[in-house]
Amino acid sequence: MTSSLSPITLGTDQARERLHELTVIDVRAPGEYASGHLPGALNIPLDHIRRALPEIRHAAGRGDVLVVCASGARSENACKLLAEQGIPTATLAGGTTGWAAQGHDLHQPAACDTRARWSMERQVRFTAGAVVLLGLLLGLLVHPAFQLLSAGIAGGLVFSALTDTCGMAAMLGKLPHNRPRAADLDATLAALRGR
């Protein structure tokens with residue numbers, strides 16, 4: 001089933017006023033979600049949205065669904081995917097970053113998992129910087145052709161900015177610490193069915 005639904009964007013103050021009546025779905029990686037999320041948000045990473053379609057459709061039938069991420073780009077992509085499936089949703093302008101910048105609280109899971117969590121943006125910056133430095137170092141010490149590695153990362157960053165996508169984030173999202181545990185995702189889907 002396809003539809004021409006247009007996702008809407010809620011400002012942080014609008015979302016805050018309606019938070020008690022919204023089903024909030026956070027599409028970031030579990031590590032990012034654990035670093036702080038909107039109160040009551042359920043974590044369904046973007047690449048698991050298709051698996052959750054029946055539960056999201058059920059939740060949307062009972063009330064409005066707000067999809068969030070760090071800045072709004074991934075949630076916008078999720079909203080478009082859901083709109084194609086006939087599921088009306090809204091996205092949060094500025095994402096959780098904008099939410100926190102407005103002084104609104106972010107919740108963190110219980111302290112049972114004490115591993116440090118880095119946002120996907122921080123992981124991308126670290127990885128890109130490390131690969132650029134490695135390329136430059138290998139170019140100086142081994143062979144100048146290794147500098148192409150640094151040039152490739154630079155080109156990827158420019159492409160990322162122009163298209164508002166990030167291939168490196170997609171690759172990093174597949175690492176084990178950025179993947180939801182099956183039990184966690186199943187519990188989230190059960191909670192979503194119960195709404």
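Met168 touches Val124, Thr127, Ala128 and Ile153, leaving aside residues up to four places away in sequence, where a touch, or contact, means heavy atoms within 4.5 Å. This residue lies in helix 8, and Met168 counts as buried because its relative accessibility is 18%, buried meaning under 20% relative accessible area, exposed over 50% and partly exposed in between, with a 1.4 Å probe and protein chains only. The C-alpha atoms of Met168 and Val24, which are 144 residues apart along the chain, are separated by 26 Å.

The model is a predicted one, in which local features need pLDDT of at least 70 and side-chain atom pairs count only at pLDDT 80 or more, while totals for chains, interfaces and linings use all residues. Residues are numbered from 1 along each chain as its sequence is written, and side-chain values use heavy atoms, with hydrogens and water left out.

Taken as a whole, the protein has nine helices and five strands; these are DSSP runs numbered from the N terminus, helices being H or I with at least four residues and strands being E with at least two. Read from the N terminus on, the elements follow the order β-α-β-α-β-α-β-α-β-α-α-α-α-α. The C-alpha atoms fill a box of roughly 60 × 40 × 35 Å, taken along the principal axes, and buried residues make up 38% of the 195 residues. Among contacts between residues at least 6 apart in sequence, 71% join residues at least 24 apart.

Two residues illustrate contacts of this kind. Thr12 is found in helix 1, residues 12-18, and it counts as buried because its relative accessibility is 10%; Thr12 touches Leu92, Ala93, Gly98, Trp99, Gln102 and His104, again not counting residues up to four places away in sequence. Gly36, by contrast, has its place in the loop between helix 2 (30-34) and strand 3 (42-43), and Gly36 is buried as well, with a relative accessible area of 4%.

The helices themselves can now be followed along the chain. In helix 3, the buried residues are Leu53, Glu55, Ile56, Ala59 and Ala60. Because they cover an arc of only 160° around the axis, they sit on the same side of helix 3, the arc being that of the directions from the helix axis to the C-beta atoms. On the other side of helix 3, Pro54, Gly61 and Arg62 are exposed.

Helix 4, residues 73-84, has twelve residues and reaches 17 Å from its first C-alpha to its last, close to the 16 Å expected at 1.5 Å a residue; the expected span is 1.5 Å times one less than the number of residues. Its buried residues are Ser75, Ala78, Cys79, Leu81, Leu82 and Ala83, and what covers them includes helix 3 (53-62), strand 4 (65-68) and strand 5 (90-92). Helix 4 is followed by Gly86, whose phi is positive, near 80°.

Helix 6 has 22 residues and reaches 31 Å from its first C-alpha to its last, close to the 32 Å expected at 1.5 Å a residue. Which of its residues are buried? They are Met120, Gln123, Val124, Ala128, Gly135 and Gly139. Seen down the axis of helix 6, these buried residues fall within an arc of 125°, so they line one face of the helix. The face turned away from the buried side carries the exposed residues Arg125, Phe126, Leu133, Leu140 and Leu141, while what covers the buried residues of helix 6 includes helix 2, helix 4, helix 7 and helix 8.

The lining's largest share, five residues, comes from helix 6. In all, 36 residues line this pocket, of which Glu32, Arg74, Met120, Cys166 and Ala169 lie nearest its centre. On a 1 Å grid over the protein atoms alone, a pocket is an open set of points where a 1.4 Å probe fits, with protein on both sides within 12 Å along at least five of seven lines, and lining residues have an atom within 4 Å of a point. About 960 Å³ of space lies in the largest pocket, a volume being the space filled by probe spheres set on the points, which are joined across faces, edges and corners. By class, the lining has 16 nonpolar, eleven polar and nine charged residues, where Ala, Val, Leu, Ile, Met, Phe, Trp, Tyr, Cys and Pro count as nonpolar, Asp, Glu, Lys and Arg as charged, and the others, Gly among them, as polar.
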